Amino acid sequence: MHFHGVPPAAATPHQAAAPPPHFAGRGAEVRSLRSAMDAGSTVVVLSGPGGVGKTALARQWARLAEDAFPAGQLYLNLGGFGLVPPVEPAEALRSFLRALGVPAGALPPTLAELTALYRSQTAGRSLLVVLDDAFSAAQVRVLVPSSSSSMTVITSRVRLSGLIAEGAVLLEITPLTTAESLTLLANFLGEKRIDGEREQAERLAELCAGLPIALCLAAARLSTRPRLSLARVVATLAAETQRLARLETPDRESSVSGSFELSYQALDASAAALYRRLSLHPGREFGLGPAAALLPGIQAGSPPERPTG
């Protein structure tokens, strides 16, 4: 029996992955997300450096806010700072429309038509849309649902100021505090092991600079070797010139140095040259003066140096 002209039933997608099992901290950030939702904000940008935990926070929020969005959750990794080119808006729209129940054969060919159909499909629906690793405002703008009861959470290494100017809420994601770092380590290794080497655990958190990607890699190494002491891991990470190598994995996107490299590759030539030259500064912090002093020579077209490490 065939029924012609009957529109397909709206699907209820649940695409957001579960948060990492060792997720820790971010109480203030979750409260900010909840406040934004309660205030009717439809777009929130989670911005911060690679490896700081933006994706984990977005996934945690998707779980906590699940009941607030009965129409379901859409999730897509936009690959803004990966090893392959970023996902095109039209490709992302096709993926979302299929998830919402639109047959592949009914998808229009142009970006404008896809955008219009997506707006029609999301009108009046309470959806949570998570757009991970966005490259630009233009990439994500057409993926925001048209319903005022929906919410879009975007993670990006850049601030996406174009969206902020249009009313999006910016939430800067910073490294974990020492207490949060210790909680993450305890979630991996157990509180008994952390309490047994408390001072070394605090030192490990300091050496990892509160970056979840670094903490997880160090904790993973410790969890697979129960007899390995935290003191020994701290000793191997103490030398700055060897620290990144000790936190290396075959997967570049999951390693600390790989995450930094992907961010570096996204810089334009002038910003990349400034970044390299500022690495010669002997201290961990500096003001605008050193950067301003270096800019004239870079903008004048001086030959860019190669990265030294």
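This is a predicted model: local features need pLDDT of at least 70, side-chain atom pairs count only at pLDDT 80 or more; totals for chains, interfaces and linings use all residues.

Residues are numbered from 1 along each chain as its sequence is written, and side-chain values use heavy atoms, with hydrogens and water left out.

1. Helices here are DSSP runs of H or I with at least four residues, strands are E runs of at least two, and both are numbered from the N terminus. The axes of α7 (residues 178-189) and α10 (residues 212-223) come within 9 Å and cross at roughly 30°; axes are lines fitted to C-alpha atoms over the stretch in contact, with angles from 0 to 180 degrees between N-to-C directions. That makes the two helices, α7 and α10, roughly parallel (under 35 degrees).

2. Who meets whom at this crossing? From α7 come Ser-181, Leu-184, Leu-185, Phe-188 and Leu-189, and their partners in α10 include Pro-212, Leu-215, Cys-216 and Ala-219 (contact means heavy atoms within 4.5 Å). The residues of the α7 contact with α10 comprise ten nonpolar, two polar and no charged (Ala, Val, Leu, Ile, Met, Phe, Trp, Tyr, Cys and Pro count as nonpolar, Asp, Glu, Lys and Arg as charged, and the others, Gly among them, as polar).

3. Do look at the aromatic pairs, of which there are two (ring centres within 6.5 Å, using the six-membered ring of Trp; planes under 30 degrees apart are stacked, over 60 edge-to-face, the rest tilted). Phe-81 and Phe-135 make a tilted pair, at 5.7 Å centre to centre and 50° between the planes. This pair links loops 54 residues apart: Phe-81 sits between β2 (73-77) and α3 (89-99), and Phe-135 between β3 (128-134) and α5 (137-141). Phe-81 is buried at 7% relative accessible area, while Phe-135 is partly exposed at 40% (buried is under 20%, exposed over 50%, partly exposed in between, with a 1.4 Å probe and protein chains only).

4. The rings of Phe-96 and Tyr-118 are stacked, because their planes lie at 25°, with centres 6.2 Å apart. Phe-96 belongs to α3 and Tyr-118 to α4 (residues 111-122), so this pair ties together parts 22 residues apart in sequence. Phe-96 is buried at 0%, and Tyr-118 is buried at 0%.

Terms used. Angles under 35 degrees count as roughly parallel, over 145 as roughly antiparallel, 65 to 115 as roughly perpendicular and the rest as oblique.
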